[in-house]
Amino acid sequence: MKGYYIREATKADIPKIAELEKLCFPDPWTLEMFESEFNNPLVRYFVAELESDDESRNEIVGQFGFLCVAGECHINNVAVHPDYRKDGIGSELLELVLNITEEEGVSYWTLETRVTNNPAIGLYQKYGFEIVGERPNYYDDGTSANLMTREKHE
């Protein structure tokens with residue numbers, strides 16, 4: 001048993017998503033940034049939540065945000081709690097979003113990831129993403145980002 005389930009996030013999840021973000025990144029998105037994301041009707045988030053008998057204590061251990069417009073999808077934000085990495089959560093979230101968005105007519109996906117984030121790069125490459133460019137000094141700490149894309153192949 002994997003011990004977690006995936007569901008579409010709601011605005012009530014924003015504080016937990018922002019807390020997860022702080023655990024995962026050196027320059028995390030703020031609570032206000034996530035609130036802005038959730039106010040955009042084109043943005044959607046899914047979360048991986050630990051199973052618990054007390055729903056008020058459920059812990060979000062993964063989150064995945066994306067924006068789709070005119071057959072294209074940009075992956076905005078992905079995080080998995082450090083204690084739950086390598087448990088397949090990132091893969092399951094990515095696969096779910098790729099399947100859902102493809103069913104909705106998406107045929108092109110983009111994302112940025114730190115050039116130093118080899119686990120994320122490997123995950124995306126496993127699902128058909130390719131590095132197509134670099135965005136110099138993309139992150140607040142001066143780290144560059146790989147621009148990665150994926151195209152649906154008929």
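Helices (H or I, at least four residues) and strands (E, at least two) are taken here as DSSP runs, numbered from the N terminus. With that naming, Asn137 is placed in the loop between strand 6 and strand 7, the latter covering residues 145-151. The structure is a predicted model, in which local features need pLDDT of at least 70 and side-chain atom pairs count only at pLDDT 80 or more, while totals for chains, interfaces and linings use all residues. Residues are numbered from 1 along each chain as its sequence is written, and side-chain values use heavy atoms, with hydrogens and water left out.

## Helix packing

Two packed helices are described by the angle between their axes and the distance between the axes. The axes are lines fitted to C-alpha atoms, for helices over the stretch in contact, and the angles run from 0 to 180 degrees between N-to-C directions.

Helix 1 (residues 14-24) and helix 2 (residues 31-38) have axes that come within 9 Å and cross at roughly 130°. That angle makes helix 1 oblique to helix 2, where angles under 35 degrees count as roughly parallel, over 145 as roughly antiparallel, 65 to 115 as roughly perpendicular and the rest as oblique. Helix 1 passes helix 2 in a right-handed crossing; a crossing is left-handed if the near helix is turned anticlockwise from the far one by less than a right angle, and right-handed if clockwise. On the side of helix 1 the contact (heavy atoms within 4.5 Å) is made by Ile14, Pro15, Ile17, Ala18 and Glu21, and on the side of helix 2 by Leu31, Phe34, Glu35 and Phe38. These residues divide into seven nonpolar, no polar and two charged, with Ala, Val, Leu, Ile, Met, Phe, Trp, Tyr, Cys and Pro counting as nonpolar, Asp, Glu, Lys and Arg as charged, and the others, Gly among them, as polar.

Helix 3 (residues 89-103) and helix 4 (residues 118-126) pack at an angle of about 40°, and their axes are 11 Å apart. Helix 3 and helix 4 are therefore oblique to each other, and their crossing is right-handed. In this pair, Gly90, Ser91 and Leu94 of helix 3 meet Leu123, Tyr124 and Lys126 of helix 4. The residues of this contact divide into three nonpolar, two polar and one charged.

## Nonpolar cores

A nonpolar core is a set of buried Ala, Val, Leu, Ile, Met, Phe, Trp, Tyr and Cys residues joined through side-chain atoms within 4.5 Å. Buried means under 20% relative accessible area, exposed over 50%, and partly exposed in between (1.4 Å probe, protein chains only).

The largest nonpolar core has 28 residues, and those with the most contacts inside it are Phe64, Phe66, Ile75, Ile89, Leu94, Tyr124 and Phe129. At least two residues of this core come from each of strand 2 (43-50), strand 3 (60-69), strand 4 (72-80), helix 3, strand 5 (108-114) and helix 4. Helix 3 gives the most to this core, with six residues. Leaving aside neighbours within four places in sequence, Leu94 is in contact with Phe64, Ile75, Leu123, Tyr124, Tyr127 and Phe129. A second, separate core of 13 residues includes Ile14, Ala18, Tyr45 and Ile60.

## Individual residues

The table gives the accessibility of several residues.

| Residue | Relative accessible area | Class |
|---|---|---|
| Tyr5 | 29% | partly exposed |
| Ala70 | 78% | exposed |
| Gly88 | 33% | partly exposed |
| Gly128 | 40% | partly exposed |
| Asn137 | 56% | exposed |

Tyr5 belongs to strand 1 (residues 4-8), and its C-alpha atom is 6.6 Å from that of Leu50, although Tyr5 and Leu50 are 45 residues apart in sequence. Not counting residues up to four places away in sequence, Tyr5 touches Val47, Ala48, Glu49, Leu50, Glu51 and Asn58.

Gly128 lies in the loop between helix 4 and strand 6 (130-135), and beyond residues up to four places away in sequence it touches Thr149 and Arg150. Gly128 and Glu151 are 23 residues apart in sequence and 7.9 Å apart in space, C-alpha to C-alpha.

Gly88 is found in the loop between strand 4 and helix 3. The C-alpha atoms of Gly88 and Trp29, 59 residues apart along the chain, are separated by 23 Å.

Ala70 sits in the loop between strand 3 and strand 4, and its phi is near 50°, a positive value in a residue other than glycine. Asn137 likewise has a phi near 50°, a positive value in a residue other than glycine.
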